[in-house]
Amino acid sequence: MMKTLFFMITFLYSSFLIGQTGTSPDKKVTPPEKVLFTFQKEYPGKVPVWSMKYVGDDDDEIRYEAQFKTNPTTEVLAVYDNLGVLKAFESQIPLSKLPTKAQAYLKKNYPAKAIKEIAVVVDDKNKTTYEVGIQKNSKFYDVVFDKNGGFDVIIEKD
């Protein structure tokens, strides 16, 4: 009985340790050389905090995210695939830089205090969108607008 209990505890403990060593998303990581090289070429002298996310239909594609400041007040996020190709660039902007149409939509549908952050996003196909982080009923959402400020979609975030 004691031997069985010992083996069970050992098995559970080793399973726990194996689970802890896996790469978890959003954990600080060091990306591959190609990614670091591209980042340093595009943003010399910037020191990012790197994280990793899984994307794609089956969460089978890796994205490396570099979060850094372009100046003391502007946070940006550069997203790369594992070959160092820039997939998206997201930069915080003030409400005044959001297209007028999007500002009107937000004003009509959300109280000002619900707006938590605003960003302009340019993807690898040079498509520009605007993402506005909203908090409503203790849930977070991204309200996405097209480049002209037209409402596109709202996405619940975890």
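**Strands, rings and a pocket**

Colleague: Which residue in E7 is the bridge partner of Lys136?

Modeller: The model is predicted, so local features need pLDDT of at least 70 and side-chain atom pairs count only at pLDDT 80 or more, while totals for chains, interfaces and linings use all residues. Residues are numbered from 1 along each chain as its sequence is written, and side-chain values use heavy atoms, with hydrogens and water left out. Strands (E, at least two residues) and helices (H or I, at least four) are DSSP runs numbered from the N terminus, and two strands pair if DSSP finds at least two bridges between them. Strands E6 (residues 128–136) and E7 run antiparallel, joined by 7 bridges, and the partner of Lys136 in E7 is Lys139.

Colleague: Which residue in the turn between E7 and E8 has a positive phi?

Modeller: E7 is joined to strand E8 (residues 151–157) by 6 bridges in an antiparallel arrangement, and Asp142 is there bridged to Ile155. The two strands form a hairpin with 5 residues between them. The turn residue with a positive phi, about 95°, is Gly149.

Colleague: How many of the 7 residues of E7 are buried?

Modeller: Buried means under 20% relative accessible area, exposed over 50% and partly exposed in between, with a 1.4 Å probe and protein chains only. Strand E7 (residues 139–145) is largely enclosed by the rest of the structure, because the number of its 7 residues that are buried is 5.

Colleague: How many aromatic pairs does the whole structure hold, and which residues form one aromatic cluster?

Modeller: Rings of Phe, Tyr and Trp (its six-membered ring) pair if their centres lie within 6.5 Å; planes under 30 degrees apart count as stacked, over 60 as edge-to-face and the rest as tilted. The search finds 10 aromatic pairs. The Phe39 and Trp50 rings, with centres 5.4 Å apart and planes at 70°, are therefore edge-to-face, and both residues are buried. One cluster is formed by Phe39, Tyr43, Trp50, Phe68, Tyr80 and Phe89.

Colleague: Is the pair of Tyr43 and Phe89 stacked or edge-to-face?

Modeller: Tyr43 counts as buried because its relative accessibility is 17%. The ring centres of Tyr43 and Phe89 are 5.9 Å apart and the planes lie at 15°, so the pair is stacked.

Colleague: How many charged residues are in the lining of the largest pocket?

Modeller: Asp, Glu, Lys and Arg count as charged; Ala, Val, Leu, Ile, Met, Phe, Trp, Tyr, Cys and Pro as nonpolar; and the others, Gly among them, as polar. Besides 14 nonpolar and 6 polar residues, the number of charged residues in the lining of the largest pocket is 21.
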